[in-house]
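I opened my notebook to record, entry by entry, what I looked up.

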Amino acid sequence: MWRDYRALPDQRALAIAGDLQRDRWVSGSSGGHDTRAAAEAAALRVCRERRLRQRAQAQCQLYAVVDEIVWQDGDRFPRR
């Protein structure tokens, strides 16, 4: 997942939602946007669509924007 994300063109973002206890998670990424905000919004939208299809309970949150990890809940997902 991380390698695919890093291959996206800049302004890119990666969002994730998951339940590690059940080993279930979804992600959404997007790249090639004009602004950072547009990349973030697109990644969150893709993640939410996938989360709804899989009926995941956890909410989507940004994990990375461009090359910076912005995830705040370090206990739930690894840094890479």
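The model I am reading is predicted, so local features need pLDDT of at least 70 and side-chain atom pairs count only at pLDDT 80 or more, while totals for chains, interfaces and linings use all residues. Residues are numbered from 1 along each chain as its sequence is written, and side-chain values use heavy atoms, with hydrogens and water left out.

I then followed the whole pairing, noting that S1 and S2 are antiparallel partners over 7 bridges; strands count as paired if DSSP finds at least two bridges between them, and strands (E, at least two residues) and helices (H or I, at least four) are DSSP runs numbered from the N terminus. The open sheet has 4 strands in the order S2-S1-S3-S4, with antiparallel pairing. S2 (24-30) and S4 (68-69) are the edge strands, each with a single partner, so one side of each has no neighbour in the sheet. I also noted that H2 packs on the sheet and touches S1, S2, S3 and S4, contact being heavy atoms within 4.5 Å.

Next I looked for nonpolar cores, meaning sets of buried Ala, Val, Leu, Ile, Met, Phe, Trp, Tyr and Cys residues joined through side-chain atoms within 4.5 Å; buried is under 20% relative accessible area, exposed over 50% and partly exposed in between, with a 1.4 Å probe and protein chains only. The largest core has 13 residues, and Ala13, Ala15, Ala17, Cys47 and Leu62 have the most contacts inside it. H2 gives the largest share, 4 residues. A second, separate core of 8 residues includes Trp2, Tyr5, Tyr63 and Ala64.

Which residues do ring pairs link into a cluster? I found Trp2, Tyr5, Tyr63 and Trp71. Rings of Phe, Tyr and Trp (its six-membered ring) pair if their centres lie within 6.5 Å, and planes under 30 degrees apart are stacked, over 60 edge-to-face and the rest tilted. I counted 3 aromatic pairs in the structure. Trp2 and Tyr5 form a tilted one, 5.3 Å centre to centre with 35° between the planes. The rings of Trp2 and Tyr63 have centres 6.1 Å apart and planes at 85°, so this pair is edge-to-face. Trp2 lies in helix H1 and Tyr63 in strand S3 (residues 61-65), so the pair ties together parts 61 residues apart in sequence. Trp2 is buried at a relative accessible area of 19%, and Tyr63 is buried at 5%.

Note on methods: Axes fitted to C-alpha atoms, helices over the stretch in contact; angles between N-to-C directions.
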